[in-house]
Amino acid sequence: MGAVLLPPTITPIDGPLVFLAGPIQGAPDWQSEAIRWFAEHAPTISVASPRRPGPRISSDYVAQVDWETHHLRRAAGHGVILFWLACEAVNVPGRVYAQTSRFELADGRCATSATEHRL
């Protein structure tokens with residue numbers, strides 16, 4: 001398979017990239033299922049999943065945002081951003097489910113990036 005990219009390390013790759021955008025907190029681990037699908041059906045494609053293995057540490061926020069921004073831009077310019085809004089699996093008190101993903105979709109940053117980087 002192409003590379004599976006996980007935060008916080010930014011690893012250079014060649015070829016197209018699929019960025020797995022969508023909820024993490026409170027969501028089922030749909031990203032692992034997507035990675036397995038690409039491994040079976042498109043083994044040469046690299047996949048960037050923002051879901052970190054293990055518990056998320058709040059001090060990693062800046063590194064996480066930098067990693068996501070880098071890979072979103074890379075996928076928009078040479079690949080695709082795959083959004084999946086999975087149903088909420090676990091309620092996270094004090095947080096609206098998928099609030100960041102909903103903002104990203106409504107803000108249009110991904111669409112703007114894709115338009116600016118068309119080949």
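Is D29 buried, partly exposed or exposed? At 34% relative accessibility, D29 counts as partly exposed, where buried means under 20% relative accessible area, exposed over 50%, and partly exposed in between (1.4 Å probe, protein chains only). The model here is predicted, so local features need pLDDT of at least 70 and side-chain atom pairs count only at pLDDT 80 or more, while totals for chains, interfaces and linings use all residues. Residues are numbered from 1 along each chain as its sequence is written, and side-chain values use heavy atoms, with hydrogens and water left out.

- Let's start with strand 2, which spans residues 17-21 and has five of its five residues buried; helices (H or I, at least four residues) and strands (E, at least two) are DSSP runs, numbered from the N terminus.
- L17, F19 and A21 point one way from this strand, V18 and L20 point the other way, and all are buried.
- Strand 2 pairs in the parallel sense with strand 3 (residues 46-48) over three bridges, and two strands count as paired if DSSP finds at least two bridges between them.
- Within that pairing, L17 stands opposite S46.
- From strand 2 the chain crosses through helix 1 (residues 30-41) to strand 3 in a right-handed β-α-β crossover; right-handed means that, with the strands pointing away from the viewer, the path from the first strand over the helix to the second runs clockwise.
- Strand 4 (residues 79-83) is also a parallel partner of strand 2, over five bridges, and there V80 stands opposite V18.

**Salt bridges**

- Searching the whole structure turns up two salt bridges, each being a side-chain nitrogen of Lys or Arg within 4 Å of a carboxyl oxygen of Asp or Glu.
- One joins the side chains of R51 and D29, at 3.1 Å from N to O.
- This pair links distant parts of the chain, 22 residues apart: R51 lies in the loop between strand 3 and helix 2 (61-77), and D29 in the loop between strand 2 and helix 1.
- R51 counts as buried because its relative accessibility is 18%.
- R52 and D60 form a salt bridge too, with their closest N and O atoms 3.4 Å apart.
- R52 is buried at a relative accessible area of 14%, whereas D60 is partly exposed at 22%.

**Around R95**

- You will find R95 in the loop between strand 4 and helix 3 (99-107), partly exposed with a relative accessible area of 31%.
- R95 touches Q25 and T100, leaving aside residues up to four places away in sequence; contact means heavy atoms within 4.5 Å.
- R95 and G26 are 69 residues apart in sequence, and their C-alpha atoms are 9.3 Å apart in space.
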